[in-house]
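Welcome! Here is a short tour for anyone meeting this structure for the first time.

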Amino acid sequence: MNNDPANAALKELRQRLNQVDEEIVRLLAKRLDTVGLIAKEKAGSTQAIRDPEREREVLARVETLAQSLGLSAPLARKIFSEIISYSVSRQVASLAGIEGERTEVAVAFQGSSLTYNNLAAEQYLASQGLRGRFVGLPTLKQVIDSLASGAADLAFLPIENTVAGSINQVYDVLREQDLHIVGEESYRVELCLAATADVPASALRRILSHPLALDQCSAFVAALPQAHAVPFLDTREAMRAVAEARDPTLAAIGSPEAAAAHELRILSRNVGNQDEILMRYVALARAPISVDVRVPCKTSLILSTRHEKGALLRCLHVLAEYGLSMTKLESRPRPNRPWEYMFFIDFEGNVAQERAALALEALRSEALYLKILGCYPAKATPAEAQTTTLPEASEVTIAPPEAPPATPSAGRTVPGQPVVRASKHYRLADRATHPEDTVIRVGSLLIGGTGFVVIAGPCSVESEDQINRTALFVREQGAHILRGGVFKPRTGPYSFQGLGRDGLDLLAAAGKAAGLPIITEVMTIDQVHPVAEKADILQIGARNMQNFPLLSAVGKVDRPVLLKRGLSSTIEEWLAAAEYILAQGNGQVILCERGIRTFESATRNTLDLSAVVVLRERTHLPIVVDPSHGTGKRPYVAPMAWAARACGAHGVSIEVHPEPDKALSDGDQSLDFPEFKALMEGLSRVRV
Ligand code: PEP
Ligand code: MN
């Protein structure tokens with residue numbers, strides 16, 4: 001076998017691959033050296049550590065390069081986002097004076113080695129450029145004692161989780177002990193199911209893991225009919241127990257590292273209730289640290305309010321007055337005081353800054369009790385949201401649309417002064433109630449206000465290949481959101497009705513791979529919850545604009561809703577329909593003009609662009625235009641998209657298909673790839 005020439009060739013190729021990998025690591029080290037030099041430069045200046053503009057530029061450059069080399073641009077973005085974030089934390093560490101302070105730091109954590117606590121502690125120390133000696137201890141008390149006694153330099157504790165929420169015992173430690181938060185870490189928990197043999201999940205009888213990990217996988221475990229969960233000391237010990245028992249009906253949930261250490265087979269990855277589960281950790285020390293004011297910082301504190309009406313509100317008001325953004329508010333019972341609470345607050349700010357110091361002073365006089373837990377470099381904050389922008393116009397010449405009007409009509413509204421008489425059918429949607437434009441956040445995108453969003457994708461999800469290719473292409477052209485119908489409202493019952501739940505999974509996977517949020521239509525109330533779990537935006541189709549129970553159902557979930565205008569609905573009826581959603585508590589409504597029925601038959605519908613200017617006047621909600629359904633004909637789509645931008649829409653929704661002539665729905669109005677590229681180029685030329 002070994003003399004087989006195919007084998008020799010494979011060996012040689014693998015060797016080549018190893019060399020490439022080594023080269024990548026060497027280059028990463030070189031990049032980090034350069035980052036170190038930059039940090040030194042910055043130390044002597046007042047330059048900010050994070051420069052979002054520069055980071056965007058770096059990402060755009062590598063994406064373009066990747067694309068020109070035939071590599072996936074989203075992959076390049078993902079890798080470089082990680083590299084940049086690591087580089088920033090190294091710069092922060094060096095400015096915080098942590099780096100190089102000691103040769104080795106003793107870090108105590110709860111649990112065994114290769115538990116998430118251990119892996120997260122390693123990640124934290126590495127990001128500080130420090131070498132650690134990691135000491136796993138069985139109980140939280142032992143971890144705290146080891147820090148207090150000086151045996152450990154840092155105690156590294158999990159404080160909250162994006163599925164399970166806060167970890168109360170750690171909050172209690174912060175309240176009781178005189179220790180200081182000197183750092184935080186956000187760690188991605190990879191929950192793997194592992195067993196001694198490659199058995200089907202249906203053969204499993206017992207699943208061992210730490211109670212917190214079992215909680216985070218409750219849906220997966222509940223779906224295994226024969227298996228029940230067994231709480232274990234920690235995830236590593238669960239893996240060990242499974243390996244030692246040699247019983248193929250036993251499995252454990254824990255880190256892939258722990259599974260590998262016990263030579264277990266990973267049966268499933270990411271068995272958590274959410275796609276991405278993050279754990280926030282805090283590093284505690286005996287003394288507080290001071291952090292350079294240029295480093296983005298968080299301050300954590302505990303306060304008890306006076307027993308007066310509005311006491312908490314007054315404390316929060318202090319933070320707002322000093323322009324400090326609160327990132328977390330948590331309440332815990334006050335010991336021996338039934339139904340009284342202590343509040344844990346995190347805000348973005350550094351106690352060394354004047355406004356933070358003044359705010360703390362004001363808080364002290366408002367509160368009954370206040371304790372500062374620490375001020376430390378921030379790592380666990382929501383992704384910075386960006387107003388949606390279009391790529392710069394390229395050199396390709398396309399006849400630009402007619403010069404747009406100078407400003408959309410919203411420019412004429414005076415905040416606080418209603419320009420139109422309030423309707424009796426809608427109050428919450430009325431601009432008179434909310435003079436400022438509503439801006440809706442989807443991941444790190446902002447829809448509404450001054451941005452312009454491009455939603456693009458096929459009418460229907462048809463296959464994995466079709467949706468993946470479309471997703472990557474529209475993403476490359478600068479689209480922001482991927483669309484694709486999976487439950488289709490077709491005129492006739494014999495037409496393609498959509499791929500249903502399977503289509504939703506394909507759409508979600510394509511969106512994830514391309515780094516795009518997804519939108520899809522819901523037609524019935526029972527689709528709302530399952531779709532809301534996977535889709536970033538829910539669409540209500542034109543035919544359902546006045547399906548009032550459905551509107552109320554989407555009003556009860558925390559997902560933005562794109563509400564299409566009914567085929568024969570007036571603007572008044574449309575806004576009243578939006579009000580049904582708002583009235584249930586969901587304020588994230590986007591209106592979508594998609595053409596109405598008129599006597600005109602040259603186009604599929606009559607795209608009513610005047611609705612955009614009317615709506616900009618009457619409502620604060622974002623407005624998107626769908627020229628695909630609005631015209632029904634491919635050649636008309638791009639000019640109407642440009643016109644939509646010119647008249648003040650906040651975005652467009654465009655149907656795109658790799659092979660429109662073979663599309664299972666709406667092929668006549670779907671753009672092929674070159675047509676969509678041209679549409680995008682034209683859009684970036686429209687000046688508003
Ligand atoms: C769609 O966007 O896929 C759709 C069916 O549109 P409408 O509800 O506007 O007909
Ligand atoms: Mn369609």
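Arg 265 has a relative accessibility of 44%, so it counts as partly exposed. This is a predicted model, and in it Arg 265 forms a salt bridge with Asp 198, with 3.1 Å between the closest N and O atoms. The two partners come from distant parts of the chain, 67 residues apart: Arg 265 belongs to strand β10, while Asp 198 sits in the loop between β6 and β7. Asp 198 is exposed, at 57% relative accessible area.

In total, the count of salt bridges comes to 39. One of them joins Asp 608 to Arg 565, with the closest N and O atoms 2.8 Å apart. Here both ends lie in loops, Asp 608 between β24 and α18 and Arg 565 between β23 and α17. Asp 608 counts as buried at 15% relative accessibility, and Arg 565 counts as buried at 4%.

There is also a network of salt bridges, whose members include Glu 160, Arg 280 and Asp 346.

## Around the ligand

Which kinds of residue make up the shell around ligand 1? It divides into 7 charged, 3 polar and 2 nonpolar residues. An oxygen atom of ligand 1 is 2.7 Å from a side-chain N or O atom of Arg 483, and a polar side-chain atom of Lys 488 lies 3.0 Å from an oxygen atom of the ligand. Taken alone, ligand 1 exposes 290 Å², and the protein buries 96% of that.

## A nonpolar patch

On the surface, Leu 65, Leu 69, Leu 71, Leu 75 and Ile 79 form a nonpolar patch with about 490 Å² of accessible area together. Leu 65 is found in helix α2.

How values were computed: Residues numbered from 1 in each chain as written. Chains lettered and ligands numbered in written order. Predicted model: local features only at pLDDT ≥ 70, side-chain atom pairs only at ≥ 80, totals over all residues. Heavy atoms only, no water. Polar contact = N/O pair within 3.5 Å; in protein donor to acceptor, adjacent residues only side chain to side chain. Areas by Shrake-Rupley, 256 points an atom, 1.4 Å probe, with all protein chains shown as cover. Nonpolar A, V, L, I, M, F, W, Y, C, P; charged D, E, K, R; others polar. Patch = residues over 30% accessible without salt bridge, like charges linked within 9 Å, V, L, I, M, F, W, Y side chains within 5 Å. Salt bridge = Lys/Arg side-chain N within 4 Å of Asp/Glu carboxyl O. Helix = DSSP H or I, 4+ residues; strand = E, 2+ residues; numbered from the N terminus. Buried < 20%, exposed > 50% of the residue type's maximum accessible area, 1.4 Å probe, protein only.
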